[in-house]
Amino acid sequence: DAGVAATAGRLDDAGAAAERLHYLEKAFAESTEKHQRALSEARARHERELGEARSEASQLRAAADEHHERLRDDLSKEKQARDTLHGLHTTLKQRLDFLEKTVSESADKHPE
């Protein structure tokens, strides 16, 4: 009978469609799981790299702060040394002025 054959054909088509649907659902589920694992791994890698970058930045900042503090100390010492030398220079100038004045006065008092 043609009707029975047509019905059987439709059942075969329905069975094939169900198989195809099951295959696609399985493929999508596997693909979704694969992408979720890749995303989780990427997130974990990102978090690890971010932590490393933060740690490195913190170390660099600490080193820069330490260097800055040493430079500040060196500058302060240089300023103190310059001020001390300036003070000595002023004292030396005053001494020379005094000696020149004294010699001049002495020379005026004792002509040759």
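How many residues apart are Arg61 and Asp65 in helix α1? Four, or about one turn of the helix. Keep that spacing in mind. One note before we go on: this is a predicted model.

Let's start with that pair. The side chains of Arg61 and Asp65 meet in a salt bridge, 3.4 Å from N to O. Arg61 is exposed, at 55% relative accessible area. Asp65 is partly exposed, at 39%. Why can such pairs form? Side chains of opposite charge can pair when their charged atoms come close.

Next, Glu66 and Arg70. Their closest N and O atoms are 3.0 Å apart, and they form a salt bridge. These two are four residues apart in helix α1, so about one helical turn separates them. Glu66 has 51% relative accessibility; the cut-off for exposed is over 50%, so Glu66 counts as exposed. Arg70, at 43%, counts as partly exposed.

Lys93 is partly exposed at 48%. Asp97 is partly exposed at 38%.

Last, a nonpolar stretch of surface. Which residues make the nonpolar patch? Leu92, Leu96, Phe98 and Leu99 make it, and it covers about 410 Å². Take Phe98. Phe98 sits in helix α1, which runs over residues 2–109. Is Phe98 buried or exposed? Exposed, with a relative accessible area of 57%.

Conventions. Residues numbered from 1 in each chain as written. Predicted model: local features only at pLDDT ≥ 70, side-chain atom pairs only at ≥ 80, totals over all residues. Heavy atoms only, no water. Patch = residues over 30% accessible without salt bridge, like charges linked within 9 Å, V, L, I, M, F, W, Y side chains within 5 Å. Areas by Shrake-Rupley, 256 points an atom, 1.4 Å probe, with all protein chains shown as cover. Salt bridge = Lys/Arg side-chain N within 4 Å of Asp/Glu carboxyl O. Buried < 20%, exposed > 50% of the residue type's maximum accessible area, 1.4 Å probe, protein only.
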